[in-house]
Amino acid sequence: MLKKILFQVHWFIGITAGTLLMVVGLSGAILSFREELLDLLNPGVMTLSANTVTPLTPDQLVLQLQTLQPSRHVAQVTVFADPHMAARVNFAPEAGVKRGELRYVNPVTGALLPRLQGDAFFQFVERLHRWFLLPKDIGQLVAGCAALCLLFLALSGLYLRWPRRPLAWRNWTNVNFSLTGRAFLWNLHSVVGTWLLVMYLIFSLTGLYWAFDWFKDGANWLVADTTSSQQMQPKQRDGAQKTGIKRDEKSGGRRQKSDSPVLADGSEERLNLEITWQAFLQATAKTGGYSSARLRLPEQPGKPVQIIFLAANPPHERARNQMMVQPLTGKISQLERYADKSAGGRLIGSVYPLHMGTYFGLPGRIIMTLAGLGLPLFGITGWLLYLDRRRKKRLVRAERAAFEMAGSANISSAIPARGEAIAGSPPLLIAPVLIAPLIIAYASQSGFAESIALRSAAALQNAGMTVVVQSLSSLDPERLRHYHRALLVVSSFGEGDPPDSARRFARQLYQTSGHALPHLQYGILALGDNAYPQFCGFGRTLDHWLQNQGAHAFFPMIEVSNGDSVALSRWQHALNELAGKKVNLSASTDAAEVADNQAASNPPAPITRSTSEYQPWRLNTRRECNSGSEGEPIFHLEFSQTVSDQPHWKSGALVEVRPRHSVERVAFFLQRLMLDKASLITHNQKTLTLGELLSVSILPNLAKTAAPISAQQLAEQLQPLGTRRYSIASIPADGSVHLLVRQVSHEDGLGLASGWLTEHAPLGSTVEMRLLSNPGFELVPTDIPCIFIGNGSGIAGLRGHLRARAYAGQHQNWLLYGERHQAHDFLYGDEIQQWLNDGVLSGADLAFSRDQPEKIYVQDRLRLAADKLRQWLLQGAFVYVCGSLDGMAAGIDSALTEILGEAALDDLIAAGRYRRDVY
C-alpha cells in the first residue's frame with residue numbers, strides 16, 4: 001500500500017512540479033560556468049594579457065579612480081594576487097538608485113575597462129533560477145517548494161526502484177540500450193536517477209537553506225553555527241568562481257552621499273589605505289599569502305577597514321577570512337579565519353560551493369552541470385511514461401466495456417461453490433469431467449495484461465463459457481482454491497518482480513505451503529521482454545508455486561516477449577482448446593505493448609490458431625526397463641511418424657497423447673447396455689460407429705445410466721477422454737520419439753493412458769499424439785554448466801537434454817538421479833555410464849534408496865554436494881529437475897532452500913535458471 005501511494009504522489013509531483021524543476025535545472029546549468037562564459041564574451045576585461053609591470057596597490061587604485069571619476073565614490077575595491085586578473089570596484093549608488101555599479105579596472109593603469117557584454121542575460125537567468133521572475137518573496141517561496149519536491153522525488157524514486165537484488169551493482173548502474181519503448185524509458189529514468197541521486201539531494205537541501213528561514217535556522221542550530229545567514233546567500237551576480245565577492249559589492253553599502261570630511265577647498269578628505277594594505281600583506285604573509293582581497297571602505301573617518309580575503313590556495317571560493325584594520329595605525333583589531341571555524345561552521349560556509357559543485361573542484365562543477373541538464377530528462381521521460389499509462393488505461397476501459405456489453409448476463413463475479421456445474425456449457429476437451437466457471441486473473445503494471453485478460457474472457461464468453469475476471473490484487477490463494485479452472489495473464493516488473501498490484505498475492509503465495517490445489521487446472525500467459533535477465537520472472541515463480549500446490553497445467557506456460565506472434569498464437573490455440581471451438585482475440589483498438597514495465601512498444605499481432613494438431617504415430621518398440629523391480633513396470637517406447645514430414649522438437653519437449661480404452665473394456669460396457677459396437681451414430685457432425693466413439697470417451701457410470709437407451713442417446717451424453725502428457729526422452733537426430741512410461745495399476749485395472757501405451761496398443765498400431773513445446777524446461781542453448789536432477793521415469797526429460805548436449809559437444813553436465821535398486825531400476829544405466837566414460841557427464845551422483853538399510857534419496861545426495869552446487873551456480877549453471885512432484889521435487893526444493901537460502905532460490909527461479917518438468 002505504501003509503495004502504491006508513493007508511486008501516485010511521485011508521478012503527480014513529477015508532472016506538476018516537473019516543469020519548474022526543468023527550468024531550475026537548465027538555468028542552473030547555464031549559470032554553472034557563468035564567469036568563464038563572460039570572460040569568453042569579453043576578452044581583455046575580466047582577465048588581461050601577461051605584463052611585467054607591478055600592479056597598483058588598492059590605495060593607488062582608489063586615488064587613480066577618484067582622479068578619473070571625481071563625481072563617483074568608491075565603496076569597495078577587490079584586487080587579486082594573479083596579475084592576469086582585472087581588479088574590481090564597486091561605486092557607491094547614486095541618489096535614487098538601489099545598487100551601485102560594479103566595474104572592472106586595469107590593475108596597472110587604474111583605467112575603467114568596458115562594461116561586460118552579456119551580463120544582463122545572466123542576471124535574467126539568475127532571477128529565473130532563483131525566483132522564477134516573480135517578486136523576490138513570492139519567488140523564494142516557490143523555489144523552496146520546488147526544492148522540497150525535488151527532495152521527495154529523489155528519495156521516493158530510490159524507494160520505488162529498489163531492485164530485487166540490491167547487491168547486484170549492474171541493477172543500479174547499467175542502462176539497457178537493448179530495450180525499447182516504455183521499458184527503455186523506465187530503465188533510463190530509474191538508472192540515471194540513481195546516478196544523480198546524491199547531486200539532487202545536495203541541490204534540494206542547499207536550495208531549502210536559502211528559501212526558508214526555518215530550515216536555515218534549524219541547520220545553523222544543528223551544527224551550532226552562528227554565521228550570519230546574510231553571508232550564506234548566493235549573490236545576484238556571483239563573481240565567486242574567482243573572487244568570492246558578496247552581494248554588497250554592488251551596493252557599496254548603499255551610501256547615498258559621502259560622509260568624508262570636507263576640506264577648505266571643497267574637496268573631501270581621502271582615506272589613506274596604504275597603512276591598511278601593508279598591515280594586511282604582513283599578516284597574510286605568515287600564512288602563505290592571499291589569492292583575492294576585497295576592501296570595504298568605511299563610511300566614516302577613523303572607522304576600521306574591513307578586508308574579506310581568500311587564502312592563497314583556498315578549498316573553495318567561499319572559504320573566506322575576515323580582517324578589521326585601523327587605517328591610521330595599521331592595527332588589526334579582528335581576524336577571523338575560515339580554517340579556525342568549527343566543522344559545522346565550515347559546512348555552513350560551504351553551502352554555495354556544494355550547490356555549485358565547486359566544493360569538489362572542476363569535476364564537481366561538471367557533474368553538477370550535468371545533473372542540472374538531467375532534470376529535463378526526468379521531466380520528459382516521466383511525461384512519456386504518464387501518457388503511456390493514460391493510453392493503456394483508455395485501452396483497458398474500452399476492452400472492459402466491450403467485454404461487459406458482450407454478455408454481462410453470462411459473467412459471474414461471485415465465487416462459485418466447489419464442483420458447481422454450469423448448465424449449457426460446451427464440452428471441454430482438456431478437462432471433460434469438470435464443467436465449471438473459469439477464472440481469468442491478471443497482474444499488470446500499466447494495463448496491457450488486463451487488456452489481454454479481458455479480450456480472452458470476452459472470446460471465451462462468446463463461445464458460451466461462464467467466466468470470472470479478477471485482478472490478482474483482489475485475489476488470494478484461499479479464494480483461488482474455490483475454482484477448478486484458472487487462466488492467469490501476468491507481467492513481470494523490473495528484475496522479475498511481480499507488478500505492484502500483485503505484490504500482496506505474491507507475498508501470500510510465498511507463505512502458503514502444502515498441497516492445497518490438486519483439483520485446479522491452470523494456464524499461464526507470462527508477458528515480458530527477453531532483454532531482461534529475469535525474463536517473465538513472476539510468471540515462472542507463479543508456475544513453480546502452482547505446481548508445488550499440486551495444480552495441473554492445461555498447457556506449458558506461454559512466455560511472450562515484445563508481442564511475439566508465435567507465442568501469442570499458442571495462447572489463442574490454448575483458448576480454442578478450452579472453448580472447444582475457434583475463438584477470436586483480435587483487438588478492437590490499438591494494442592499497447594505486451595509486457596508492462598519489461599515490454600517494448602510493439603503492438604501485438606492478432607492471435608491466430610496454431611498449426612500443431614494431433615497426428616498418428618506408429619508404435620515401433622516397447623520394452624520393459626526394470627524387470628524384477630519392486631515398483632511398477634516402466635516401459636521404453638519408440639514412435640515414428642506415419643507422414644513423410646520429418647518431425648522436429650527441442651529437447652525437453654512433451655508429447656500429448658489421446659488414450660483409448662481397451663477393446664475388452666468397451667465390449668464389456670456395450671454388453672451391459674445390450675448395444676452393438678457397430679451401430680452408426682452422429683457425433684460432432686461426423687458419422688462413426690458407437691464402438692469407435694466409446695473407445696475415446698469417458699464411459700458413463702452404468703449404475704446411473706438408464707436402460708434401455710439407444711446408441712444415439714448414449715453418444716449425445718459422452719464426453720471425450722482427457723489427454724496425457726509425457727516427456728520426450730530423445731532428440732530429432734534419433735529419428736523417433738522415445739517415451740518412458742510407468743505402468744500404473746488401479747483397483748479396477750491399469751491406468752487409462754499408461755495401460756493403453758504399455759499393454760493394450762498393439763505394436764505397429766497408431767497412437768494419436770502431438771508435440772508440445774515446453775519453454776519452462778527448454779535447454780539453454782549455450783555451453784554453460786547444467787545440473788540435471790531427477791528420479792524414476794523423470795530420467796526421460798533429462799535424457800533428452802543430455803542427448804542434445806552430447807550431440808552439440810557440450811560436456812559441462814552433472815547428473816543427480818535416484819531410484820529404488822541399482823540392479824533393477826537403473827534406467828538407461830548403460831547410457832549414463834557411457835556418458836561418464838566419454839566425458840559428456842563430468843559427474844553423476846546416484847541415490848538408490850533401497851540398496852542400504854538407511855534410505856538415501858536424490859535430495860540427500862544434493863545436500864552432500866552442497867559446496868559443488870554453489871560452485872556450479874557461481875559459474876552460471878542452470879538447474880533442471882524432472883520427476884515426481886510429491887516426493888522428489890518438493891525434496892529438491894527444500895534442499896536448495898537449505899543450501900542457498902530462500903532469497904537466492906527465488907532469484908534462481910526468477911532468472912529462469914531453475915527449470916522443472918514435474919508431475
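Tutor: In this predicted model, E819 has a relative accessible area of 9%; the cut-off for buried is under 20%, so E819 counts as buried. The residue belongs to strand β25, which covers residues 813–819. Its side chain forms a polar contact with the side chain of R742, at 3.2 Å.

Now the chain as a whole. Of its 919 residues, 54% are buried. Its secondary structure amounts to 31 helices and 28 strands. Taking contacts between residues at least 6 apart in sequence, 73% link residues at least 24 apart.

One of the helices, α6, runs over residues 136–160. Its 25 residues span 35 Å from the first C-alpha to the last, close to the 36 Å expected at 1.5 Å a residue. Buried residues of α6 include G139, A143, G144, L150, L151 and L160.

A nonpolar surface patch of about 450 Å² is formed by L26, L362, I366, L370 and L373. Helix α15, residues 361–407, gives the most to this patch, with four residues; L362 is located in that helix.

Definitions and conventions
Residues numbered from 1 in each chain as written. Predicted model: local features only at pLDDT ≥ 70, side-chain atom pairs only at ≥ 80, totals over all residues. Heavy atoms only, no water. Helix = DSSP H or I, 4+ residues; strand = E, 2+ residues; numbered from the N terminus. Expected span 1.5 Å × (residues − 1). Buried < 20%, exposed > 50% of the residue type's maximum accessible area, 1.4 Å probe, protein only. Contact = heavy atoms within 4.5 Å. Patch = residues over 30% accessible without salt bridge, like charges linked within 9 Å, V, L, I, M, F, W, Y side chains within 5 Å. Areas by Shrake-Rupley, 256 points an atom, 1.4 Å probe, with all protein chains shown as cover. Salt bridge = Lys/Arg side-chain N within 4 Å of Asp/Glu carboxyl O. Polar contact = N/O pair within 3.5 Å; in protein donor to acceptor, adjacent residues only side chain to side chain.
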